[in-house]
Amino acid sequence: MRLTEVLAAEDTGWSEMHALIDRLTPDQIARPGYYREGWSVKDLLAHVGTWLAEAGMMLERIAAGTYRRGDLDVDAVNERTLDALRDIAFPVVSAQASAARTRMRHALVELREPSADATWWIRKAGPDHYAEHLPRLREWVDELRSG
């Protein structure tokens, strides 16, 4: 996939996610139920922001020539994220996610010709990750707004 296509797909997913979140009240954003494990929309955004930050860091390593593929314990990262950010206010979580996204996009553009590893990270944290969460977010927003 070309860089412009990756960036466009990332922007589309990010925009839809935020359009859905923007429809909610602060109480709805904080309400558990997005996932059975008790995630709220705030937790979802913290989760997404963490993966955007991770991707930005990996893209910077790729650019510097210090990136090494390794085992990635996705479940452990997700659990640590939820525990660490559970008590953080939504505006802070939102700012963190936006900053992480900006960093990731900047790091990707700096690569000019993304490698297979870079493309994997941008898709993992961006378009593919959004696509994984958007169906449930759409449902949850509808449930919250109708109930």
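In this predicted model, the largest pocket is lined by 12 residues, of which Tyr67, Arg69, Gly70, Trp120 and Trp121 lie nearest its centre. A pocket here is an open set of points on a 1 Å grid over the protein atoms alone, where a 1.4 Å probe fits, with protein on both sides within 12 Å along at least five of seven lines, and lining residues have an atom within 4 Å of a point. Helix 3 (41–64) and helix 6 (116–125) are the elements that give two or more residues to this lining, helices being DSSP runs (H or I, at least four residues) numbered from the N terminus.

The axes of helix 3 and helix 6, lines fitted to C-alpha atoms over the stretch in contact, come within 9 Å and cross at roughly 170°, which makes helix 3 roughly antiparallel (over 145 degrees) to helix 6. Contact means heavy atoms within 4.5 Å, and the residues that make it are tabulated below.

| Helix | Residues in the contact |
|---|---|
| Helix 3 | Trp51, Leu52, Glu54, Ala55, Met58, Leu59, Ile62 |
| Helix 6 | Asp117, Ala118, Trp121, Ala125 |

Leaving aside neighbours within four places in sequence, Glu10 is in contact with Arg101, Met104, Arg105, Gly126, Pro127 and Tyr130.

Residues are numbered from 1 along each chain as its sequence is written, and side-chain values use heavy atoms, with hydrogens and water left out. Local features need pLDDT of at least 70 and side-chain atom pairs count only at pLDDT 80 or more, whereas totals for chains, interfaces and linings use all residues.

Key
Axes are lines fitted to C-alpha atoms, for helices over the stretch in contact, and angles run from 0 to 180 degrees between N-to-C directions. Angles under 35 degrees count as roughly parallel, over 145 as roughly antiparallel, 65 to 115 as roughly perpendicular and the rest as oblique.
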